[in-house]
Each structure stands twice: as C-alpha cells, then as structure tokens.
Amino acid sequence: MAPIKILYVDDEEHNLKSFKASFRRQYEIHTAISAFEARSVLTNTNVHIIISDQRMPQMTGVEFFKSIKDSYPDPIRVLLTGYTDIDALAEAINEGHIYRYITKPWNELEVNNCIINAYGAYNSKVELKEKVSELQKTNDELNRFIYSISHELRAPLASALGLVHLVKLEELIDTQSRLGEYWELLEGCCNKLDDNISKTLQYYKNHRYEAANENIDLKTLTDELIALHKQANNVTDQVAFETVIKQPVEFWGDSFRLEIVLGNLISNAIKFQNPAIENKKISITVKVTTLYAQIMVADNGMGILEENLPKIFTQFFRGNHEKGFGLGLFIVKEALDKMEGTINAKSDLDKGSIFTIRIPNKKPI
Amino acid sequence: MPIKLPKPDTIMLVDDSSFDRKIVQRTVSFTKIFQTILVFASGPEALDYISDNIENPEKLPQLILLDIQMPEMDGFEFLSRVAILPEPLRNSLRFALLSSTDDLDDIAKANANPHIIKLMKKPLHPTALLALLNEHFAME
C-alpha cells in the first residue's frame, strides 16, 4: 500500500525535526518552515494531510489554509494551536476548511489517531468525487442514448406514417374496401406507437430536466398544441374547438412541462370522444392572474366511470377502452407536481369530462 | 414581420434517408405548387449545387426543407454554412427544418436560429406545407 503522505508546516525548526522523528517510520513526512515553502512542496507532491502550526510569522496557519483552499482542495487540513488561539480556531472552523485541531503541546498518540481519521476522511472525499464524476458520465451517456434512441425509433415510424398518408392522399385504396379498413387500422397502430414513444420520453424528461422559468404566452401555446394534436389524431372538422384565453398579465413557468400537461389533456379530449354524439366539442378556458394560471379543458366525450376517477392519475391505469397506454395522466400529475400545480377532474359517463389545472405564476420580481 | 417572397417555383429537399426523400418528394408534388423539386442526400451536395448556380438564379430554390439529423453535416451546420452565401441570395431563400425530433435542445436551437422559418414535424403533411407557404410567400 502506498504510504500516507503528510505535510507538516511549522516555523520552528526543532518542531519539524521532532515531528519527523516521531512519524517517519509510519508515514511519508514532508516538512516546511513557512507557508511559502509549504506551497512549493504542494506543487511537487500530492499529500493527503496537511498539519500546520497556527502561529507563524508571515502567514498564520488559518491564512495558509485559506490561501490553498481552491488550488488544493483535496488534502485534509489539521491545525496545531495553543490554548490562546481560540479566536483563530473559531474562524477556521466556521469557514469550513479545517478538519480538526490539535492543541499544543501535542502527544504522539493523539496526533497518530488524528492522522488515521484524517486519512479516512481523505479517502471518502476522493471516493465521493470519483463517484460523482462517474455518475455524471453515466448521466451524460444516458441522455445521449435517449436522444439517439428517440431518433432511431421515431424516424422510421415517421417514414411509415408518411407512406400511410401518401397512399390515402393519392387515393390508391378504396376506403370502403377491406384493404381500406386494414389501412385505417395500420395508421392507428402507427399513431399509437408514436404516442407511446413520446409518452415514454416525456416521462423520462419530466424526471430529469431541471425546472425552467420562462415567459409563456398561453394563447400561442394553446393554439400550437391544438394544431399539433389535431394533426396527430387526423382531426379535421369533426371536433369543434372553442378557446377563451384571458391573459392580462405575463405568465412565468416551465413551458416544457406546461406543454406536457396541456398537450396530454388536449390529446385525451380528442381521443376519448363519444362516437354517438353529433356535435363533438372541446373547450379550453385559460385565466391568468399574477398568482396563477388556471386552465380548464372540457369535452363532451365518453367520460369516466365515477369509480375510476380516483385512479386515473396512477401509473398504467387504463379505463375501459383500448386507446390509452396508461401513462398520459400519470405524467400530467408528475409534471404538475414539479411545477407545484394542481389538477382536478370531474366527469360524467357518456356526457364528458372537465379537467381543471392550476399552476403558480412564478414571475420574477 | 419579414416581407413575403413571391410565389415559389422551386423547392429543395435535403435528407439522408432515401425513404424520406421519396415520401417528402411525393408529398410535395401532391400540392402541385412547385415546377421543380431538387432532392439531395446530404448537406455538402446541396451546398455545392447552390454555389454552382449562384449565377443562375432560375435554377435555385426559394424554399429548402432540411432534415436535422444527418451524418457528415447536420441541418444546423448546413445553415451555418449558408450564412456565408452572398446576402441578396440568402434573402431570396427560406429554410424550414423537417424532422421527427422532439428533443428540447433541437427545438430550442431551431427557435433561436433566425434563418429557420419553421421546425416541421415528420411526416410532412400537404396541409402543413401549404400553411407554411401561405405564411411566407405571396401565394395568390
């Protein structure tokens, strides 16, 4: 095993000598007669522990420790003081860069124990550093992996959907035929897969991304999301959208998570329409105040069974239909939790659902 | 609000996926807006074509649809190369990204780039292309 390396700093020559004499058999001892000399030792040797006398002419021990705090953060620092130096001690401890102090005159056993403990602290510190950088690396790799897998899964799927659309655009298939029916199903499968991929990624990103605070225009956001989900679900005129947006003041929040929340609610409102109803309608009402934004998404769709209402925000819960993946509302809830927002659901089976969310306005002062 | 360009007759697609080149090309021709559809499999090829035809503006596109993730030169790098073209030429071009990405960094980069008029999601739908054209070109 490599020896423990100690730097001992003291302005009195005979102290240096006696320290070296006491410990040189167990440890690798470097000595320095001043802070200046100590620094030149540090440039040449990676020491584990620095023990410094407090009372030295040009620079005190505490001052010396302070001066090397940033350039040499790893070595553990121990201060040697007389009983009269309590003020200096308080300062050193409060500023957090000494590990322990030993009062003078020191005895060998005490110093030895201190060295053993300090070396333990040094190892934990280094280990922690290594773990953190390892974790950072894994994290970066994971993010890169997610980025590329998201592209690798998405790109061919988008191509497949493009082809599916093209066949319909070019009217190559009689929509009334058996092939036309299968074609619709195929498109449904592609859309569902696309949706599942984006939900999975949303779930992942919601967990990992730091909350942001941006100025959000709710009208633009709502219109964009409606257009996006109408296209994704092939809605043209079958569903009427009604939006009332009252935003007299700026709204500040996390636009990525707000998009997740609102996007999922809009997409659900589109997906869970009631086929029996003629005038399918989705209305979105937004009200912004200096304290919060309240957004209500209401539909006249199939609604939710009363007994299911308490369960809709749990992971992998799916109602009595095959359309969902069981992640959408769970992600909505998780994203709202990160924004300190709330959600409330009301629903009548076969009549429709109303989701009301409220998110604090985090406008910086 | 930048001024609308006159009704375009030439569009350029840059995409490394042979599938998508075919699909986007067919989707674009479905709109019957463009007389010429230029198709390139990589950024450098497309840039070469543009610089070879600087003196022949009739051969140049008015709208360029650009994939983001491409080996060798990605869509953003392509755009940074385009920035060195002479200004009058640049002003006669509009760029839109066409990608299946929903990566936040890509979206932020696209929003921050003044040369990009829109980040469009694959698959491209003719109605989305028409809406884009109406917004940035005098289509009447």
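Two residues are in contact if their C-beta atoms, placed from the backbone, lie within 7 Å. Helices (H or I, at least four residues) and strands (E, at least two) are DSSP runs, numbered from the N terminus. The model is predicted, with local features requiring pLDDT of at least 70 and side-chain atom pairs counted only at pLDDT 80 or more, while totals for chains, interfaces and linings use all residues. Residues are numbered from 1 along each chain as its sequence is written, and chains are lettered from A and ligands numbered from 1 in the order in which they are written.

**Helix 5 and helix 6 of chain A**

- A:Ile146, A:Ser150, A:Leu153, A:Arg154, A:Leu157, A:Ala160, A:Leu161, A:Val164 and A:Val167 in helix 5 of chain A meet residues of helix 6 of chain A, among them A:Trp183, A:Leu186, A:Cys190, A:Ile197 and A:Tyr204.
- This contact of helix 5 with helix 6 of chain A has 14 nonpolar, one polar and three charged residues; Ala, Val, Leu, Ile, Met, Phe, Trp, Tyr, Cys and Pro count as nonpolar, Asp, Glu, Lys and Arg as charged, and the others, Gly among them, as polar.
- The axes of helix 5 (residues 108-169) and helix 6 of chain A come within 10 Å and cross at roughly 160 degrees; axes are lines fitted to C-alpha atoms, for helices over the stretch in contact, and angles run from 0 to 180 degrees between N-to-C directions.
- Helix 5 of chain A is therefore roughly antiparallel to helix 6 of chain A (angles under 35 degrees count as roughly parallel, over 145 as roughly antiparallel, 65 to 115 as roughly perpendicular and the rest as oblique).

**Helix 6 and helix 9 of chain A**

- Helix 6 (residues 178-208) and helix 9 (residues 328-338) of chain A have axes that come within 10 Å and cross at roughly 20 degrees.
- That angle makes helix 6 of chain A roughly parallel to helix 9 of chain A, and their crossing is left-handed.
- From helix 6 of chain A, A:Lys199, A:Gln202, A:Tyr203 and A:Asn206 meet A:Gly328, A:Ile331, A:Glu334, A:Ala335 and A:Lys338 of helix 9 of chain A.
- Three nonpolar, three polar and three charged residues form this contact of helix 6 with helix 9 of chain A.

**A:Phe251**

- A:Phe251 lies in strand 8 (residues 251-253) of chain A and is buried, with 24 other C-beta atoms within 10 Å.
- Not counting residues up to four places away in sequence, A:Phe251 touches A:Ile216, A:Leu218, A:Val288, A:Ala293 and A:Asn361.
- A separation of 7.3 Å lies between the C-alpha atoms of A:Phe251 and A:Lys362, which are 111 residues apart along the chain.

**Chain B and its contact with chain A**

- Chain B has six helices and seven strands, and 32% of its 140 residues are buried.
- The contact between the chains takes 18 residues from chain B and 16 residues from chain A.
- Helix 1 (residues 18-30) of chain B supplies six residues, the largest share of the side of chain B that touches chain A.
- That side of chain B has seven nonpolar, six polar and five charged residues.

Methods: A crossing is left-handed if the near helix is turned anticlockwise from the far one by less than a right angle, and right-handed if clockwise. A residue is buried if 20 or more other C-beta atoms lie within 10 Å of its own, exposed if 12 or fewer, and partly exposed in between; C-beta atoms are placed from the backbone.
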